Every structure is written in structure tokens, then in C-alpha cells.
Amino acid sequence: MRQLPVPDPGIADHRSPGRFLWWLAMGQRRTLLGGMTFGILWMSCQAVLPAVLGRAIDRGVADRDQSQLLLWAGVMLLIGLVQAVTGIMRHRFAVTNWLTASYRVVQLITRQSVRLGGSLPRKVSTGEVIAIGTTDLNHIGNVMDVTARFSGAIVSFLLVSTILLTTSVQLGLVVLIGVPLLLLVLGPILKPLQVRSATERQMRSDLSNTGTDIVGGLRVLRGIGGEGVFLDRYRRESQATRVAAVNVAKLQSVLDALQIFLPGVFVVLVVWLAGRAAVVGQLSAGELVAFYGYSAFLLIPLRTATEFANKMIRGRVAAGRVCRVLALDPDVVDPASPSPAPPADSDLLDVRSGLRVRPGTLVAIVSEQPDDSALLADRLGLCAPETDDDVSLGGVPLTSLPHAVVRERIVVSDTQAALFAGRLADRIDERGKGGVDEALATASAKDILDALPDGLDTVVTEKGRSFSGGQRQRLVLARALAADPEILVLVEPTSAVDAHTEVRIASRLKAHRAGRTTVVTTVSPLVLDAVDEVAFLVDGVVVAVGTHAELLANHPAYRTVVVRDVVVAS
């Protein structure tokens, strides 16, 4: 599918779902117009068939004129062929419109997810994104799908009304006035249906969030015996969601019933009036049959109109959800006037904490509070929720550089980073730089590869769930090493591995990253022994810098943090 333009912030305004749907429609106006054209032709063919049938009865059967009967039968055959062809084309355009709108939404949400980056999980829940990708896009696609038939319904209604007015003013006025009245009767149901649909949609999103949390933390829940608590919570939320869905279904059932009942009453009324007119000689036999055909046909545009209203309501609710996501901005935006990139091998400086990382060194950050060191690591890579000009590379603030430059030169690998689904070799070598074998060896992950039947060709499952926590952590480390950035920031890269594996990783990391800058947040003495320099962080500020041995000997607070870690680890 062709690439889409970047969403207009005005279009993405969460207060304007109608404008968003209009913008989508304009983006596929050619196929929409094609579908509407064939929809009008298709339904118009159905609309004129009763008139042709009436002529065949009056001029062919009643008048016993075989030539007229053959003529009008041939006209009916021709109209039937046109109806068949236009019906096929209308359906093809309808499917195209549905698919185009649905996948345009997927493209927009995917592009926005990439644009938000690490800001996405802080601003939007996982369940919300899942609901957009599984439900909302269907409702938006349905709006584009029904447009062709709705256009045909309007034109065919006007066409039938014109034919009826030329035949019988009374019956024509009944149709012209009665059909809008029927739609007005259905109107009061549509607004409550929209409110209940929006409520049910939100509850379904919340339920997806709960299910995602349970699946993601299943091992932890089993460890603390919390499965029952979360099961009860999920059961309560699912029942509440079921009640909300039933409330939507109640109104929907009333709407569906009225779609059958009211047009049925209308058909009975029109046939009764036409029958009376035929009895007094105002209508011929053929015209009476035609009027019955019109009455039966009018059920189609009536039901199409109510279907359009129903799908438009659901589409607006879904579009509102999509617009809220598209209206979000990342925590850090590209500068209006980017600064020139600093030269390679520049110092990385954080004024707020006082951390200075010299090029080509392996530096460890130690903190009693892991959140403080993790936040500092995020700030070094421009990944923190709150950004400022305190972090600079070669004297140039990171906020004044284009994001692409920062992401290319500085990579932050968090301990919670997940593996994407796909071929293992591709998931490790995301940047296509090669060096997968060396990265796996440094991360002490060769044993993982040996245990896989297809080796690097093994397909990784979603989030790498088929691997243990320690295996995932080593593969994530290998991915970060294979990226081979100028500056690599690793957050607790060995927290889930055993001591023997940690020693191997620590001893190989320095050699692997020789000549490039590496920052590691850790409190493990096994890793700290292998680094060039240690920065001790207290309340977000660097209070001491030196080697691991120097800080152990001269800084009691540092010794307390590291020794306590040894005791806990043992």
C-alpha cells in the first residue's frame, strides 16, 4: 500500500472524529467515488425494475401484445445484466474501501507509535493500542464500506419517489413524507447507542490492559501467590464489560427490530393505498404490481440508511479513540533549528548529575536507588520523560540535535527491553552491521544458540517469551552490542544471570567495546572490577569518581552499597 502523509495535528484533534473520518475519506476519494457510482447504478437498476415489470404486464400481458412483452422482457434482462455487473463492481470497491481505511489507520497508528517511541507506554495503555488494532479499525472501515450502498439508497429513494409522483401524487407524497418520518422515529435511539458504545469500548480497553498485565507478570504472580487476586479482578471487570455489552445489544436489538417492523408497516400502508386506487380504476394491474414492487424495494434503502447511521456512530467512537492517540506528542520533539553534530569521540556530559564520560572509556554508574541510575541512563540517551539542555555531547545539547543523530550515536539498552518476534539473527542485528557471532560471544549467549534447533534461523516468539529471563537479557545485550553505536548505555545488563556468566560478560565487554564509549549502571562487584571508572550517584548527583578499588577503600557509603549487594547476592 502506498505511503501516507504525516497526520495533520488539526485532523488528529481528539475533539474532531468527524473531521478525521472526512480526512480519511478524502485520502481514498477515488475508490469511494467509484463505489458510490456503482452503488447508485446498482440500486437504481433495482428501483426501476418494478416500473418495467408493470409496463410488461400492462402493454404485453393485458393488451395481449407479444412484441411489447418481448420488448419489456428484453429491457428487464438488460437491466438485470447491468445490475449484476454493477453489483459485482460495487462490492469490489466496498471491500477495497474497507481495507484501505482499515490499513490506513494501522499505518497511522504504527507511524505514531514509532514517533512517540519510549513515550508511548507512558501516554497510552497497551490495551488501548490493542483495541484500536483489533476493533476500532473495523468500525472505521465499515463506515467507508457502507458509503457506496448509502449513496445508492439516497438516489434510488429519490428515483422511486419521482416515479410514484408521476403515477400517483397521493402515493408519491406518502413515500416522500413517510420515509423521513420513519428515520426520525429511529433517531432517539441513536444517541444513547453512541453513549453506550463508547462506554463499552472503554471498558473493553481496560479489560485488555488487565489481561496484558496478568500475562506479562504471570511468573511473578505465581511466585507471590497472587493469581487468585488478579483472577478475581479480571472476572469482575469481564462481567462489568459483559453487562455494558448487553446494554449496547439491547438498544441494538430494538434498532434492528424497528428496521424490520416500521418499514413493514409502511409497505402494508402503501400496498393498501395502491389496492384501493386499483379498485376504483385509478391504477392499472401493472401499476398495482409496480407499486407493490416499489414498496418491497423501499425496505432496502430504509435499512441501508439505518445501517449507515449505526455504523457511523460506531465509526465516530472509534475515530475519537484513534484521534486521541494521534494527538499525542513525544516527550522530546525535534528542534526547529538543529545544531551541527559534534565530532566523533566527544565527551558526554550531564550537568545536572555532574557525570562526565570521556570518549573510549567504560564507565559504571552505581547508586543505592536503581531508579536514579536508570533515570540518568535514560537522560543520557534522550529517553527520559522530562528533557532539558543539561545533557550535551561535545558541548552540544542533545535536545538541539535531530533525534535521528542522537539515536544513531547513542543507544540505551534497558533491562526491560524486549525481543521482537521474527528470525533471531534479524532481531539481534537490527541495524544490519553484522558482528552477530562476536556480540553473542561477549554476551555469553552461545549456549542459547546451541540449544536452538535452527540456530540463528529460529523464529523468536512475541517478546521472546520462549526464552527464560536470563536468556532474554543476554540476547538483548547481544542486540545492543551488535548495534555498535559510538556510545552505548546499558542498564543493569547482568541482573538476571548467574555469577559465572556475569564474570564472563564483564571480562569480555571491555575488549568488545575497545575504543568506544560505554556506560553501565550496576552494583555488581564482578562488573565494577572490569570497568575503567566508577561514578557513585547519591540522590541523582555524582559524589565520587574513581576505580572500584579506590572507592571501596576511601568511600564508606559506596562500600555499603556494593558490599550489601554482595551479601544479598550470596
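User: Let's start with Phe20: what makes it buried or exposed?

Analyst: Its relative accessible area is 1%. Buried means under 20%, exposed over 50%, and partly exposed is what lies in between, using a 1.4 Å probe and protein chains only. So Phe20 is called buried. One thing to keep in mind: this is a predicted model, where local features need pLDDT of at least 70 and side-chain atom pairs count only at pLDDT 80 or more, while totals for chains, interfaces and linings use all residues. Residues are numbered from 1 along each chain as its sequence is written, and side-chain values use heavy atoms, with hydrogens and water left out.

User: And Trp23, is that buried or exposed?

Analyst: Trp23 comes out at 19% relative accessibility, so it counts as buried. For the chain as a whole, 46% of the 570 residues count as buried.

User: What makes Phe536 and Tyr558 an edge-to-face pair?

Analyst: Their ring centres are 5.5 Å apart and the planes stand at 85°, which gives edge-to-face. Phe536 belongs to strand S11 (residues 533-538) and Tyr558 to helix H19 (residues 556-569), so the pair ties together parts that are 22 residues apart in sequence. Phe536 has 3% relative accessibility and therefore counts as buried. Tyr558, at 0%, counts as buried too.

User: How do you know that Arg104 sits over the ring of Trp23?

Analyst: A charge sits over a ring if NZ of Lys or CZ of Arg is within 6 Å of the ring centre and within 35 degrees of the ring normal. The charged end of Arg104 is 5.6 Å from the centre of the Trp23 ring and sits over it. Arg90 lies over the face of Trp42, with 4.5 Å to the ring centre.

User: Why is H1 called roughly perpendicular to H9?

Analyst: Two packed helices are described by the angle between their axes and the distance between the axes. Axes are lines fitted to C-alpha atoms, for helices over the stretch in contact, and angles run from 0 to 180 degrees between N-to-C directions. Helix H1 (residues 17-27) and helix H9 (residues 285-326) pack at about 95°, with axes 8 Å apart. That makes the two roughly perpendicular, given these cut-offs: under 35 degrees is roughly parallel, over 145 roughly antiparallel, 65 to 115 roughly perpendicular, and the rest oblique.

User: What about H15 and H16: which label do they get?

Analyst: The axes of helix H15 (residues 469-483) and helix H16 (residues 499-512) come within 13 Å and cross at roughly 5°. They are therefore roughly parallel to each other. Arg474, Leu477 and Leu481 of H15 make the contact (heavy atoms within 4.5 Å) with Thr501, Ile505, Leu509 and His512 of H16.

User: What stands out about the phi of Asp345?

Analyst: Phi of Asp345 is near 60°, a positive value in a residue other than glycine. Asp345 sits in the loop between H9 and strand S1 (348-350). Leaving aside neighbours within four places in sequence, Asp345 is in contact with Pro359, Glu486 and Gly515.

User: Last one: is Asp539 buried or exposed?

Analyst: Its relative accessibility is 69%, so Asp539 counts as exposed. Asp539 is in the loop between S11 and strand S12 (541-546), and has a positive phi of about 55° although it is not a glycine.

Technical notes:
Helices (H or I, at least four residues) and strands (E, at least two) are DSSP runs, numbered from the N terminus. Rings of Phe, Tyr and Trp (its six-membered ring) pair if their centres lie within 6.5 Å; planes under 30 degrees apart count as stacked, over 60 as edge-to-face and the rest as tilted.
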